[in-house]
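Hi,

Here is the structure you are taking over. My notes on it follow below.

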2 protein chains.
Amino acid sequence: MTERRERVRTSVLGATLDLLDEVGVQGLTFESVAARSGVAKTTIYRHWPTKAQLTIEALSVMHEPSPTPNSGDLRADLRACFVAVSEHALDDRKARIFASVLDAAQRDPEYARLHAQRTAESLQPLRTVLELAQLRGQLGSDLDLDDVCDLVIGPVITRVLVTRRPIDEAFLDLLVETIVAGLGAPARTSA
Amino acid sequence: MTERRERVRTSVLGATLDLLDEVGVQGLTFESVAARSGVAKTTIYRHWPTKAQLTIEALSVMHEPSPTPNSGDLRADLRACFVAVSEHALDDRKARIFASVLDAAQRDPEYARLHAQRTAESLQPLRTVLELAQLRGQLGSDLDLDDVCDLVIGPVITRVLVTRRPIDEAFLDLLVETIVAGLGAPARTSA
DNA sequence: GAGAATCGCTACGCTAGCGTAGCGATTCCT
DNA sequence: AGGAATCGCTACGCTAGCGTAGCGATTCTC
């Protein structure tokens with residue numbers, strides 16, 4: 001069952017994630033991954049010829065899709081999405097890694113693609129929740145869901161990444177109620 | 001008038017900003033700054049003994065405070081803040097640099113302080129706009145303005161940094177109207 | 001204009017990390 | 001069991017970047 005291969009893969013990708021957390025994408029080196037994982041540097045090169053390949057595979061291992069809430073209650077579903085993003089997609093460790101990938105994505109197209117893909121995947125549940133709400137008529141059918149998506153997830157991402165303050169109940173309440181009240185009532189006048 | 005000193009300072013900090021844009025905080029080296037600026041490496045060391053000092057001073061040069069809009073019209077003032085953030089505080093170049101500082105801030109306390117300070121300064125106009133709106137009664141007096149601040153600027157920051165899609169009129173409309181409608185009407189029920 | 005400060009330049013020695021070659025040892029597959 | 005694949009290890013040569021010393025040349029200051 002090629003246990004050896006699996007052991008190598010697990011050790012190396014695990015060490016890579018640790019180091020991505022500690023030193024970021026730019027600070028990651030083959031030497032440090034070898035030292036941390038206990039796997040010989042040459043072996044690592046054999047499996048992952050470039051740092052980008054190693055990083056990308058490690059990140060794909062880290063990624064675990066979260067379920068899509070569908071209670072029918074928009075408030076509850078939104079709240080579930082926010083909690084999922086802040087607790088699973090962007091916990092402390094992942095937030096640090098995310099920041100580093102975000103930095104790399106600004107300059108390297110390869111990381112930009114990776115980042116775009118992972119972001120889209122993480123936001124898929126929210127996206128679906130919004131689509132269903134739109135079908136139910138709880139959201140204006142004229143709304144651009146991409147825009148809405150940025151609008152509702154922006155505060156959470158910013159909170160985790162930029163402000164680095166805890167996402168507590170008060171903030172979630174404020175966010176959910178503002179979104180629902182602001183988007184639900186089609187009181188758009190001065191547009 | 002110590003013209004020489006000024007020339008050194010300008011060249012070095014300018015080159016530093018260029019390189020921060022191109023290669024980020026971690027990729028910045030004294031050697032590259034020396035080569036780009038035309039100033040001898042030894043001279044750079046004499047002025048800025050550590051990379052952090054050099055980076056911080058360069059960033060402080062880049063920072064220019066934006067005016068605080070105060071037309072009395074909350075919609076217009078918010079809109080002005082968003083445009084200011086997206087066009088001045090976070091144009092393409094500054095967004096790349098910001099991403100890099102954000103990454104560095106996740107691990108190095110020195111950069112974390114710098115980042116917190118710069119962020120607070122950039123958001124000061126918005127903060128003031130919100131405070132005035134609260135005094136005028138256009139915003140609930142029970143609202144935590146820090147939370148509100150994250151709520152309203154989050155979408156803009158995310159759009160610039162994460163989604164990297166243009167902030168067009170449609171998005172600004174959506175954002176402003178949602179905020180005003182959601183925060184203005186105190187229809188908070190299920191909290 | 002003279003002394004003091006600053007700058008440019010070369011030349012160091014040192015380390016981290018790169019990416020590869022070679023080869024014995026281990027493990028896999030059947 | 002035995003050939004094939006994989007892994008660990010050492011040892012390379014090479015480059016980029018570090019941070020400093022020394023000293024002539026330029027520039028500032030008074």
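Around DNA strand C there are 19 residues, and Glu3(A), Thr29(A), Phe30(A), Thr42(B) and Thr43(B) come nearest. A residue is near a strand if its C-beta atom, placed from the backbone, lies within 6 Å of it. This is a predicted model: local features need pLDDT of at least 70, side-chain atom pairs count only at pLDDT 80 or more, and totals for chains, interfaces and linings use all residues. Residues are numbered from 1 along each chain as its sequence is written, while chains are lettered from A and ligands numbered from 1 in the order in which they are written.

From chain A, α1 (3-27), α2 (30-37) and α3 (41-47) each give at least two residues, as do α1 (3-27) and α3 (41-47) of chain B. Helices are DSSP runs of H or I with at least four residues, and strands are E runs of at least two, numbered from the N terminus. By class, this surface has six nonpolar, six polar and seven charged residues. Nonpolar means Ala, Val, Leu, Ile, Met, Phe, Trp, Tyr, Cys and Pro; charged means Asp, Glu, Lys and Arg; the others, Gly among them, are polar.

Now DNA strand D. Of the 19 residues around it, Thr42(A), Thr43(A), Glu3(B), Thr29(B) and Phe30(B) come nearest. Two or more residues each come from α1 and α3 of chain A, and from α1, α2 (30-37) and α3 of chain B. The classes are six nonpolar, six polar and seven charged.

Chain A has nine helices and zero strands. Its C-alpha trace spans about 65 × 35 × 30 Å along the principal axes.

Best wishes
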